[in-house]
Amino acid sequence: MASSSKMETDETQEEEVEHFDDFTLASPWEKFISDIEAVCRQWIANGPKNLLKKDAREVSEEFYKVKYELKFALKSYCMEYYFGSKNDGNDMVWDSRLHDLQLCFGVKDFLVIAPQSASGVVLDAPEASKLLSAVAIALSNCSSLWPAFVPVHVPVRRAYIGIQNMGTVFTRRFEADLIGSQVPVKLMHLEGLYELFVSKFAYSTLDFAMHLFKVHFTMKLTYRSLPHEDDDVQGADADVIESGDDLGGDMHNRTQWDDDCPWSEWYTAEDPVKGFELVALWSEKVVESSMEMAELENSSPHEAEKWILSPNMSSTLTDSSEGNRVGFASQLCLLVDALNMSFEAQFMEDFVSVENPGSDHLKSSMVIPPPTVIDRVLKELFHDGARFRSFASGERKTSRIKAAPLESLFAQFCLHSLWLGNCNIRAISVIWIEFVREVRWCWEQSQTLPLTPAFGSIDLSTCVIYQKLHMLAICIERKRQLNEEFQDCVGSMDHSSPRTEEDGLDEGSEDSCIMQTPAENLDGKRDSPAIPDDLQDSEQSVSRLGARPEHATVSADLKPLDCIRRGSAGVTGMMLLNSYQSMHAPFTQEPPLMTEDMHEERLQAVEAFGDSLNFSALLEREILTSDMSAFKAANPDAVFEDFIRWHSPGDWESDITNESGSPNNPTTEGPKDDWPPRGRLSKRMSESGNLWRKIWNDAPALPASEQKPLMDPIREGEKILHYLETLRPHQLLEQMICTAFSAAADTLAQTNYGGLKQMTTKLDQLYLTMTSALRPLQANRLSAHTDTIEDIRRLSGVFEHVEKLLTIAASLHRKFLQAPRLSEAIFRDCCNFYFPRMGTSSSGDNAPKEFEKQQVVTMNERPVVSNMFTPPTANQSWRKVLSLGNLLNGHEPVLREIIFSKRDKVSGNHYAARTPSAYQDELETYRMYICGTSNDLRVALSVVSCD
C-alpha cells in the first residue's frame, strides 16, 4: 500500500511539472512585439537617407515607404513605414502631395500595419486592438514618437484606428470612418459640422449656439467645371441655329473646339483639356459660434485667400494604342506601311489590276474608297483649288527636306491620300492613277494646273514630282500662249480685205510683225540683260523684218542685215578687238528648265566621258549657239575672241596689268586710247579643233527674239507625263512620305498657340528629326524591310507626341487668352509630365499615373478662371440638387474639406499635475478633419489624453 501511494504522489508531481508556466519564456504575442521592435529599431537606425538608398519606394513626390512582413497566430501582416525626405513644417496642411492619413490626422511620419489579405483591413475588433497595442508597445520600447494605424471594417469605408505616444505624459488616439450614403441634412452645412466638432469636448447639455468656443477653422473647396454637351445636343443646337432661333448660351455647345485650327480641315481632335478643377483655400481663422459658420457658408469663393487651378487632362494623351490614335501621326504610320508594300510591284496599276497574282490577297486585306469619294477628292484638287490659299514661295521650315510646298498640288494630294481607305497601297494606287489622268487632261486641254506656279525657275530643293509638275505648268502656259498667238495670226489673216498693192504691202508687214513675236512674248518672260542698270540707255527693240531702229548703229559697209545692231541690252565697258566700237551685251534666252533627274543625267554623262571642254560644249551646244547668235547680232563686227572675253572672261589672258601686277579684268578695261585690247585666248580655247570656235563659225547672227526657243514645251510636257505614268511605286511612296511629313508639320506649325517657347522648341526639334530620318529616302536606294523603314515608323511616333502637345498648347491658349502666364505655366508642366510618358505603357510603378500639377491663380487672373465655370445649362441643372453653399457661378463644390482644431494650455490643467517642458505652450488637444460631398461624409478625429 505504501508503495502504491508513493507512486500516486510521483504521478501527481509529474503532472504539476508538465503544466508549469515558465514566464521566463516569451509568448507568441511577446515575440511578435519583439519582431516589430527590431524592425522599428532598424528603420530608426538607418534614417530616411539610408532607407532611400535601400528599398524605399516612392509613394508621391518626396514621400516614400518601406515595408516588412511579419507573422503572428498563423496570419501574415505587413508593416509599412511612411516618411518624407523633407520636413516642411505645418504649412503643408492643404498640400496636394500629402498622404491620406497625413491629411486626416495632421501627422508626418507614421506606421501602418495591416493583414495580408484580399481586403487588407482587420475585420475583427479584438484583433485590431491587439495589433495596435503590439505596435504601441514596440514603439514605446524604441522611444519612438511615430503614430501607428490599423485599417478596420471594410475597405470602402477607409476607416482607421491609431495611437501615438507623445512622450511620458500624453497619448493621442485616432479614429476615422465614412458615411457612404444618407448624410444627415444638418451635416451638409458648416453650422452642423461645427456643432459636431464642439460636441466632442463640450458637455452634451450645452446649447452650442449660446456658448462661445475658440475653434480654429480652415477650409478647402474644390470646384470642377462641367463637361461639354453631348454630340446629339450639339446637333440639336445646330438645327436651331439654321432655323433662325437664338437660344443664347455658350457657343462651345454648338461647334467643335478646334474649328479654327489648321488641322480641322483634315480631322477633329479631342480637346485634351477636358476641364478644370479649382481649389479655393480659406486660411486658418478662429470661430467662436455656429452663427459665424452660417455666415461663412454664404460667402463667395472670391473671398478665399488662395485659388489653385489644375487641368483635367484627357486619358488618351499617354495612350498610343492603335485604336486611340487620331491625327496626322496615325495616318503617316499607315503610309509607312504602304511604302513597305510598294516594293512588291513594278507599276502602280499592278496593285489594282485583276491579272496581278497577289491582287486577291490585296483585295481581301485592303479596301479602296468608292468612286464618289475619289471624284470628290479630285474635284477639290483640280476644280475647287481656289479655296486653298494662293501659292506662296516663301521660306519653308522644311526646306532641308526634299518635299513639295504645303500649298502645292502634290502636297495637297498627299494629305488627301492619308485619309483614303486607311491609306493602304491599293487606295493610293487608285487615287494616283486618277490624279495622273486629270493632269494629262489639263495638259491636253491647255488648262492651268491648279496649285502650281506657271513661272519661275525649278526649285531643286523640292521633290522630283513637284519639280515635274512645276515644269509641266510652265509648259502648259507656254503651249497655251503659242496656241493663242497662232489663233490671233490666223484671225488677223482671215479678216484682212483686199486693198491696193501699197496697202497690201503695209498690211503684210504688220502681219509679219505680229507672227514673228519677240522672245519675251513667246517664252512668257523677257530675256534678262546681263549688264548693270546704268547701261540700259542703249537698249533697243528690233523687229524681225530688220527695219533700222531709231538708235541702231550701222557699220561702215552699210550692209542691211549683217551690219545692223540688233538685240542689244547696252554697252559693257569693253571695246571690240577688230573695230573701234564698244562691245554691247545682247539679250539672251534663258537656259532651258531642268529638273533634278535631268541634271543628274548630265552629270552622269560628264563623269562617263570625262571633264572635256568639247564634251561640255556638246551638252550645252544649243545654249552656246543661242548666246553666240545673240552676241553676233548685237556686235556685227565681233570676232570669236570678243565673245570669249564677254562670255568666259577666265579664258582670256590680258597682257595689260594693273598697279598690283595682276592682269586686268577684261570687263574693266582702260579707256578707248588703249585700243586695241591686248591679250590672247587661254590654252584650252586656242587648241585646234576647239568645238566652241566651230559653233561660233556656224552660228548665225540672230537676236534672241528671232531665235528658236531653247525649250520645246510640247516635247518636255510629254516627257513629264510619261514620267508620271511610269513612276515606280516605291519612288512615288518615298516622295509621298517626305511630302506628307513635311506638309503635316507645316500645317501644324500654323497653329496659334500663343508663342509658347517650349512648343516652339518642340516643333524646331521635330523638323530637325524629320530632316535626319527622311534623308535616306532622298537617295532612291531604299529596299523593303530595312532599318530605314523602322526609323520612319519611330519618326511617326515622335510626330504623334509633338502633335498631342500642340493640341494641348492650342487648347490652353484659347482658354487663357487673357491670362497667358497660366497658359505657359500649365503647358510647361504638361511637357514635363507627358512627353517622357508618351508612347510608353508606363513610366515605372512609382511614377504618378495622372497629371496632378497645380498653379496658383493671382488676383488679376481670377476673373478669367471664374468665367471658365459657366453657369450650368438647363440640361445640366436638373440632374443635381444643390445642397452645399459657397456657389461659384451656380456651381457648388464637388468636394468640401474642413479642419477643426482646439488648442489648450496644458500647464497646470486637468491633463497632468506635472507637465513636461516640451508642452508648456498650447497643445492641439482636438482635431477633426471632415471631407464630404452631398452624398457622403468622412470624419477623422484625433484626441490627446493623459494616460
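Here is a friendly talk about rings, charges and cysteines in this structure.

Colleague: What kind of model is this?
Modeller: This is a predicted model. One place to start is with its aromatic rings: the structure holds 37 aromatic pairs.

Colleague: What makes Trp 432 and Phe 435 a stacked pair?
Modeller: Their ring centres are 5.5 Å apart, and the cut-off for a pair is 6.5 Å. The planes are at 25° to each other, and stacked means under 30 degrees, so the pair is called stacked.

Colleague: How do you know whether Trp 432 and Phe 435 are buried or exposed?
Modeller: Buried means a relative accessible area under 20%. Trp 432 has 2% and Phe 435 has 0%, so both count as buried.

Colleague: Why is the pair of Phe 741 and Phe 799 called edge-to-face?
Modeller: The angle between their planes is 80°, and edge-to-face needs over 60 degrees. With 5.9 Å from centre to centre, the rings also meet the 6.5 Å limit for pairing.

Colleague: What makes this a link between distant parts of the chain?
Modeller: Phe 741 is in helix 22 (residues 729-749) and Phe 799 is in helix 24 (residues 787-815), 58 residues apart. Phe 741 and Phe 799 are both buried.

Colleague: Which residues do ring pairs link into a cluster?
Modeller: The cluster holds Tyr 194, Phe 197, Phe 201, Phe 213, Phe 217, Phe 900 and Tyr 926.

Colleague: Which rings have the charged end of a lysine over them?
Modeller: Lys 468 has its charged end over the ring of Tyr 723, 5.1 Å from the centre. For Lys 479 the ring is that of Trp 443, at 4.2 Å. Both distances fall within the 6 Å limit.

Colleague: Why does Glu 861 count as buried?
Modeller: Its relative accessibility is 8%, and the cut-off is under 20%, so Glu 861 counts as buried. Glu 861 lies in the loop between strand 15 (855-857) and helix 26 (862-868). Beyond neighbours within four places in sequence, its contacts are Ala 819, Arg 821, Leu 822 and Val 856.

Colleague: How many disulfides are there?
Modeller: The count is zero. For Cys 414, the nearest cysteine sulfur is that of Cys 463, 7.2 Å away, whereas a disulfide needs sulfur atoms within 2.5 Å. Cys 414 is therefore in no disulfide, and at 1% relative accessibility it counts as buried.

Conventions. Residues numbered from 1 in each chain as written. Predicted model: local features only at pLDDT ≥ 70, side-chain atom pairs only at ≥ 80, totals over all residues. Heavy atoms only, no water. Phe/Tyr/Trp six-rings, centres within 6.5 Å; stacked < 30°, edge-to-face > 60°. Buried < 20%, exposed > 50% of the residue type's maximum accessible area, 1.4 Å probe, protein only. Helix = DSSP H or I, 4+ residues; strand = E, 2+ residues; numbered from the N terminus. Lys NZ or Arg CZ within 6 Å of the ring centre and 35° of its normal. Contact = heavy atoms within 4.5 Å.
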